[in-house]
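Please keep the sequence and the structure in view while reading.

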Amino acid sequence: MKLVLDKFLWIGLGILLFGFWQLTQSQVANGVGWVVSGAFVLILMILLIIKHYEISP
């Protein structure tokens, strides 16, 4: 399970970096959309990790 979650975290980071790259290319609307979707993926994975490993915040 840990290896699978690690891959999703890398995917979330990749989406965020692509969004930031879009922001630097003067495509603000597309960049913001990618950044928001990447943040959503990362937050979802963090919640899954906390729930699965019973880490208390």
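The structure holds 2 aromatic pairs, a pair being two rings of Phe, Tyr or Trp (for Trp, its six-membered ring) with centres within 6.5 Å; planes under 30 degrees apart count as stacked, over 60 as edge-to-face and the rest as tilted. The rings of F18 and W34 are edge-to-face, because their centres are 5.0 Å apart and their planes stand at 90 degrees. F18 lies in helix α1 and W34 in helix α2, so this pair ties together parts that are 16 residues apart in sequence. F18, W21 and W34 form one aromatic cluster.

This is a predicted model, in which local features need pLDDT of at least 70 and side-chain atom pairs count only at pLDDT 80 or more, while totals for chains, interfaces and linings use all residues. Residues are numbered from 1 along each chain as its sequence is written, and side-chain values use heavy atoms, with hydrogens and water left out.

The protein chain contains 2 helices and 0 strands; helices (H or I, at least four residues) and strands (E, at least two) are DSSP runs, numbered from the N terminus. Helix α1 covers 2-24 and α2 covers 28-53, and S26 is found in the loop between them. The phi of S26 is near 65 degrees, a positive value in a residue other than glycine. S26 counts as exposed because its relative accessibility is 65%. Here buried means under 20% relative accessible area, exposed over 50%, and partly exposed in between (1.4 Å probe, protein chains only).

Helix α2 has 26 residues and reaches 37 Å from its first C-alpha to its last, close to the 38 Å expected at 1.5 Å a residue; the expected span is 1.5 Å times one less than the number of residues. The residue E54, whose phi is positive and near 50 degrees, follows α2.

Which residues of α2 are buried? They are G31, V35, G38, L42 and M45. An α-helix has 3.6 residues a turn, so residues three or four places apart point the same way. Leaving aside neighbours within four places in sequence, G19 is in contact (heavy atoms within 4.5 Å) with G31, W34 and V35. G19 and V36 are 17 residues apart in sequence and 8.4 Å apart in space, C-alpha to C-alpha. The aromatic residues F18 and W34 are partly exposed, because F18 has 35% relative accessibility and W34 has 38%.

The surface carries a nonpolar patch formed by W10, L13, L17, F20, L23, V28, V32 and V36, with about 750 Å² of accessible area together. Such patches take residues with over 30% relative accessible area and no salt bridge; like charges are joined within 9 Å, and nonpolar side chains (Val, Leu, Ile, Met, Phe, Trp, Tyr) within 5 Å. A salt bridge is a side-chain nitrogen of Lys or Arg within 4 Å of a carboxyl oxygen of Asp or Glu. Both α1 and α2 supply at least two residues of the patch, and α1 gives the most, with 5 residues. One of the patch residues, W10, lies in helix α1 and counts as exposed because its relative accessibility is 55%.

For the chain as a whole, buried residues make up 19% of the 57 residues. The chain exposes about 4400 Å², of which carbon and sulfur atoms supply 76%.

Key:
Areas by Shrake-Rupley, 256 points an atom, 1.4 Å probe, with all protein chains shown as cover.
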